[in-house]
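Please keep the sequence and the model in view while reading.

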Amino acid sequence: MIFKDQQIVATVKGADPRKLSELVKKIAAETDSDGLRGFGEASGSGTGWLGTGLPKGYDNVTDQVDVRGLDLLNADSNFGSARTLFDASKPSALQTSKEKGYAGDGVETHDWAESDTDEQLMLFIPFQSTLKVHSLQITSLPSRDTDADAAEVPMRPKTIQLYTNPAHVLGFEEADDIEATQSVTLHPQDWDSSTGTVRVDLRYVKFQNVSSLVLFVVDGDGDGERVRIDRVRIVGEKGSKRELGKLEKIGDETGE
């Protein structure tokens, strides 16, 4: 098993030094503490896989996510971490065998996140600059195995609550006591049938000057016990870079 950030990211079946060496090289190529990288694929400015088109006048600003500060509560450690959700590559569930490369040749990857003890997830997303957030793209690709027990198949998110500019991840009880900036209920028909992606349109006036977001998955759509998320994308406009620790003077010198 290959671990990254205390998470299992791949499993090699059988004794095959060549596959193991190749996998380690690919995982090492991902490492970049100041940006987002896929399995050997850099994200660049505003680039990377998208599950649906961009609205006119807005950009993919996912590259502004400060990956070093991400946090994800109630995540099953057998699957991906918070960083996995912002990976620039296409989700493995949508990749062909050729696109998967080593992942389709004796190696099982877990490039998605699943909830652990119940269906709730709490994701803290800090940004490198203040943003105007127009919408989110959330990709969820649960198994289509019709023979599987419904309780064992992870669900797509149904109810989502969003909180702007918290200083840290919220606890589940804490979130219940705070009024959400916006609450969204997703329906089965909202999800793109080919990419498993939903566009969550936000009340734009409430998402100006956003330095961080908390995305709270309250429940899932179905009778299962877990929720699965493969990718998250942020759509909007970039603002000024955050300068932590810098004090700004309010008012003019003569009037204060």
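## Salt bridges

Glu-114 and Arg-226 are both buried, where buried means under 20% relative accessible area, exposed over 50%, and partly exposed in between (1.4 Å probe, protein chains only). Their side chains meet in a salt bridge at 2.1 Å, N to O. A salt bridge here is a side-chain nitrogen of Lys or Arg within 4 Å of a carboxyl oxygen of Asp or Glu. Glu-114 is in strand E6 and Arg-226 in the loop between E11 and strand E12 (228-229), so this pair ties together parts 112 residues apart in sequence. Helices (H or I, at least four residues) and strands (E, at least two) are DSSP runs, numbered from the N terminus.

The structure holds 6 salt bridges. One of them joins the side chains of Asp-63 and Lys-238 (3.3 Å, N to O). Asp-63 lies in the loop between strand E3 (59-60) and strand E4 (71-73), and Lys-238 in strand E13, so parts 175 residues apart in sequence are tied together. Asp-63 counts as buried, at 16% relative accessibility, while Lys-238 is partly exposed, with a relative accessible area of 42%. Arg-231 and Asp-111 also meet through their side chains in a salt bridge (3.0 Å, N to O), and both residues are buried.

## Source of the model

The model is predicted: local features need pLDDT of at least 70, side-chain atom pairs count only at pLDDT 80 or more, and totals for chains, interfaces and linings use all residues. Residues are numbered from 1 along each chain as its sequence is written, and side-chain values use heavy atoms, leaving out hydrogens and water.

## The chain as a whole

The protein chain has 3 helices and 13 strands. Of its 256 residues, 46% count as buried.

## Nonpolar cores

A nonpolar core is a set of buried Ala, Val, Leu, Ile, Met, Phe, Trp, Tyr and Cys residues joined through side-chain atoms within 4.5 Å. The largest one has 35 residues, of which Leu-123, Leu-136 and Ile-234 touch the most other members. Strand E7 (121-139) is among the elements that give two or more residues to this core, and E7 supplies the largest share, 8 residues. A second, separate core of 9 residues includes Met-122, Phe-124, Ala-175 and Phe-216.

## Strand E9

E8 and E9 run antiparallel and are joined by 4 bridges; two strands pair if DSSP finds at least two bridges between them. Thr-185 in E9 is the bridge partner of Thr-159.
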